[in-house]
Amino acid sequence: VGKVGVPGTAPPMVGKVGVPGNGARAGPEGFLAMWGCGGRRRRRLLGGLFLLLLGAVVVRRFNWSDLVPVRMWGRVLGLQAEDSQFLLEGLPFRIFGGSVHYFRVPRAYWRDRLLKMKACGLNTLTTYVPWNLHEAARGKFDFSGNLDLQAFIKTAAEVGLWVILRPGPYICSEWDLGGLPSWLLQDPNMQLRTTYKGFTEAMDAYFDHLMRKVVPLQYKKGGPIIAVQVENEYGSYAQDPNYMLYIKMALISRGIVEMLMTSDNKDGLSSGLVEGALSTVNFQKLEPSILVYLNTVQHKKPMMVMEYWTGWFDSWGGPHNIFDADEMLNTIEKVIKSGASINLYMFHGGTNFGFMNGALHFDEYKSDVTSYDYDAVLTEAGDYTSKFFKLRQLFSKIAGEPLPLPPMISTKASYGAILMQQYVSLWEVLPSLVEPIKSEQPVTMENLQVNDGNGQSYGYVLYETVVPGGGRLYSQDHVRDRAQVFVNTLYIGYLDYTIQDLPIPSGQGYRQLRLLVENCGRVNYGPMLNNQRKGLIGDIFLNQTSLRNFKIYSLEMKPGFMESLRGSTSWGPLPDSVEGPAFFRGTLQVQYMPQDTFLKLEGWEKGVVFVNGQNLGRYWKIGPQETLYLPKTWLHQGDNEIVIFEERIAGRIVQSMDLPFLGRTHYVD
C-alpha cells in the first residue's frame with residue numbers, strides 16, 4: 001500500500017499490496033541487463049533457470065502444495081499493528097474491506113460479487129464460516145460445492161483481494177443459532193459459547209477439520225488471509241471469562257499465525273477483548289466517543305471498524321429497513337479521515353436460502369425474512385445501488401488511480417404467470433413419505449431419533465394424538481415457534497408465543513388432534529441461545545389433562561423427502577378451492593438461456609418454495625418481503641419444476657418478475 005490509505009501502491013518484496021499472490025518484482029529492463037554481462041553470467045543464469053525448473057518439477061512430482069513457492073518470497077512479517085497504524089510487510093496499510101458470505105451466494109456468482117468489490121475500490125474481503133452447514137451432522141464434514149471455502153478464498157486472491165477470516169465458531173449474522181449446529185442442543189445441560197466440556201469437545205473436532213482447510217491459505221504461506229477473528233461479539237454475551245482465551249489458543253495451536261482480532265459493539269468492547277488480539281468495533285452511527293473509547297481500550301493501536309453496517313436486516317411483520325446512502329457515505333468519510341480502517345457489513349448480503357434465517361428474542365420473538373438484501377452496497381441479486389457508485393467515487397479519490405471497470409450487470413427475466421397444475425394434501429401423502437416416531441410425551445425437534453441420531457434441525461414437526469372430547473387447549477408456552485392446530489383435518493387456529501390457548505370444539509368419540517409446528521428460525525444473538533430447542537418443548541394440556549401417546553412426524557423437507565414426494569402417486573389435479581397444509585406443483589418454462597428472476601406469491605398465505613429441488617426459502621403474506629430471489633444457476637432451459645408447501649390458503653398462480661419487491665420501506669434512525 002505504500003502510502004497510508006492508498007491501496008495498490010507497491011512495497012518491496014510484496015509485489016502490489018492489495019493484489020494477493022504477487023511475488024518479488026523484476027522489471028523487463030533489469031532482466032535484459034542481466035543478459036548483457038558476458039557469457040559467464042549467461043551460463044550462471046541458464047544454470048539457475050535449470051535448477052528452478054527442476055525444483056518446480058520436484059514440487060509438482062510430490063504435490064506438496066498448489067501455492068507456488070515464489071509467491072511466499074518476502075512474506076515474513078504479515079499484517080502488524082505498529083503504534084496507530086497497520087503495516088503489511090513493514091509498510092503502512094489501510095484495510096478497506098467488505099463482507100460477502102459464500103454460503104448466501106450461489107457459487108457461480110462468487111467471482112462476479114468479488115470483482116464488483118474490487119471495482120468499488122476495496123482491498124479486503126471478510127467472511128464468516130457457518131459451522132451448522134459444514135458439520136450439519138456430528139462428525140460429517142462438508143466443504144464441497146457451495147461450501148467450498150478454500151475455493152472462495154482462492155477466488156478472492158485471484159481477483160486481488162486480501163481476506164480477513166471470521167471462523168467463529170459463533171457468527172451471529174442473522175443465521176440460525178448464530179451458525180452453531182442444532183445437534184449441540186441434544187445435551188440438556190449444554191452451555192453454548194463457554195468452556196463447558198460438551199461444547200469445547202465438539203468445537204475442537206470441528207476446528208480440527210476447518211483449520212486444515214484455511215491454514216495453508218494464510219499470508220505467510222502464500223495465501224490471501226491476513227487476519228483471523230477470534231469468536232464474534234463475545235462482549236455482548238460474556239458468560240465465561242476463560243472462553244475467549246480458549247478460542248484464541250484453539251486457533252494458534254492449529255497453525256493460525258496471522259494477526260488475531262476481536263469484534264464487538266461499543267458496550268461489549270471491554271468484555272470481549274483477549275490479550276494478543278486487536279480489538280475492533282462495530283456500529284452504524286459514528287458517536288464522537290466510539291473511536292476515542294476504542295483507543296482507550298487498547299492504547300496506541302490501529303483503529304478498525306470491523307462492521308460498519310451499510311443497512312439493516314428485516315423481520316417478518318416489520319418494514320423493509322433501509323439506510324440513507326448519503327448518511328452512510330458521510331460516516332465512512334469521517335472514519336477514514338480519523339485514520340481508521342473499515343469493513344462494510346454488508347457489501348453484498350445475498351439470501352437466507354432454505355430454513356437458515358435467524359431470529360431475535362428480547363421483548364418478543366421476531367424471525368428474520370428470507371432475503372438478506374440488507375440494503376447493502378449490492379442488492380440481493382448482486383446489482384449496483386447508489387451506495388456502490390458513491391463509494392466507488394470516494395475510494396477512487398483515495399487510491400489516486402483508476403479503479404477496475406465494474407462488471408456488467410446481469411439481465412433479469414419476467415417469465416410471467418406460472419399456473420399450479422397439481423396438488424396433494426399433506427394428510428394424504430404423509431403416511432407414504434415419513435415413518436412416525438411413537439412417544440408417550442412430546443419430543444423436541446433436536447431430540448427426535450432421525451438423521452443417524454443427530455435429530456432434526458429445521459422445518460416442521462407434526463405431533464398427532466387422540467382426544468376424547470372438546471374443551472380448551474393450553475400450550476403452556478411450550479410451542480416453538482408456531483403451531484397450526486387441527487382436529488382430524490379441520491383447521492382450528494394457531495398457537496405461538498402470544499396465543500397460548502385455543503377452544504377445541506366438542507364431538508362424538510375419539511378424534512385426532514394434530515399440531516403442525518414450525519421452527520421459524522433460532523435466535524442468533526442475545527442471552528437466549530441455550531433455549532433454542534424447537535417443536536413442542538414440554539407438555540400441552542386439554543383442559544387440565546396433559547396430552548400423551550404421540551405419533552411424531554419429522555418434516556425437514558430435505559432433498560430425499562422432496563424426491564420421494566416428486567415420485568408420489570398421490571398427486572392430482574388442482575380443485576377449484578383447496579386449503580393447506582398441502583403441496584402444489586407447476587412448471588416454469590424457460591425458452592432460451594435462463595436469467596435471474598423473482599417469484600411473487602400473491603394470494604398465498606405462508607409456506608416454502610422449491611425450484612428443481614432447491615429450497616428458495618419462506619414466504620409469508622404479513623411481509624415485508626413479497627418476492628423470492630431465484631438465481632439463474634438453479635434453472636435450466638426447458639421445464640423447471642416448482643413445488644410449494646402452503647400451510648393454509650393457496651393461490652393458483654405464481655408470478656415470475658424481473659424486479660424484487662421487499663416491502664414497505666422504513667429509514668433506519
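**Close-up views of a predicted model**

**View 1. Strand E5 and its parallel partner E4.** Strand E4 (residues 96-100) pairs with E5 in the parallel sense over three bridges. Two strands count as paired if DSSP finds at least two bridges between them. Helices (H or I, at least four residues) and strands (E, at least two) are DSSP runs, numbered from the N terminus. Ser99 has Thr126 of E5 as its bridge partner. Five of the five residues of strand E5 (residues 124-128) are buried, so E5 is largely enclosed by the rest of the structure. Buried means under 20% relative accessible area, exposed over 50%, and partly exposed in between (1.4 Å probe, protein chains only). In a regular strand the side chains alternate between the two faces of the sheet. Thr124, Thr126 and Tyr128 point one way from E5, and Leu125 and Thr127 the other way.

The model is predicted: local features need pLDDT of at least 70, side-chain atom pairs count only at pLDDT 80 or more, and totals for chains, interfaces and linings use all residues. Residues are numbered from 1 along each chain as its sequence is written, and side-chain values use heavy atoms, with hydrogens and water left out.

**View 2. The open sheet E1-E2-E3.** Three strands form this sheet, with antiparallel pairing. Strand E1 (79-82) and strand E3 (91-93) stand at the edges with a single partner strand each, so one side of each has no neighbour in the sheet. The twist averages 45 degrees from one strand to the next. Axes are lines fitted to C-alpha atoms, for helices over the stretch in contact, and angles run from 0 to 180 degrees between N-to-C directions. E1 and strand E2 (residues 85-88) run antiparallel and are joined by four bridges. Ala81 stands opposite Phe86 in E2.

**View 3. Helices H6 and H7.** The axes of helix H6 (residues 197-214) and helix H7 (residues 243-252) come within 10 Å and cross at roughly 30 degrees. H6 and H7 are therefore roughly parallel to each other. Angles under 35 degrees count as roughly parallel, over 145 as roughly antiparallel, 65 to 115 as roughly perpendicular and the rest as oblique. Residues of H6 in the contact include Phe199, Met203 and Phe207; those of H7 include Tyr243, Ile247 and Leu251. Contact means heavy atoms within 4.5 Å.

**View 4. Tyr308 in strand E10.** Tyr308 lies in strand E10 (residues 304-309). Tyr308 is buried, with a relative accessible area of 0%. Leaving out residues up to four places away in sequence, Tyr308 touches, among others, Phe283, Phe323, Met328, Ile342 and Tyr345.

View 5. E16 and strand E27 (residues 550-555) pair in the antiparallel sense over three bridges. Ile437 has Ile552 of E27 as its bridge partner.
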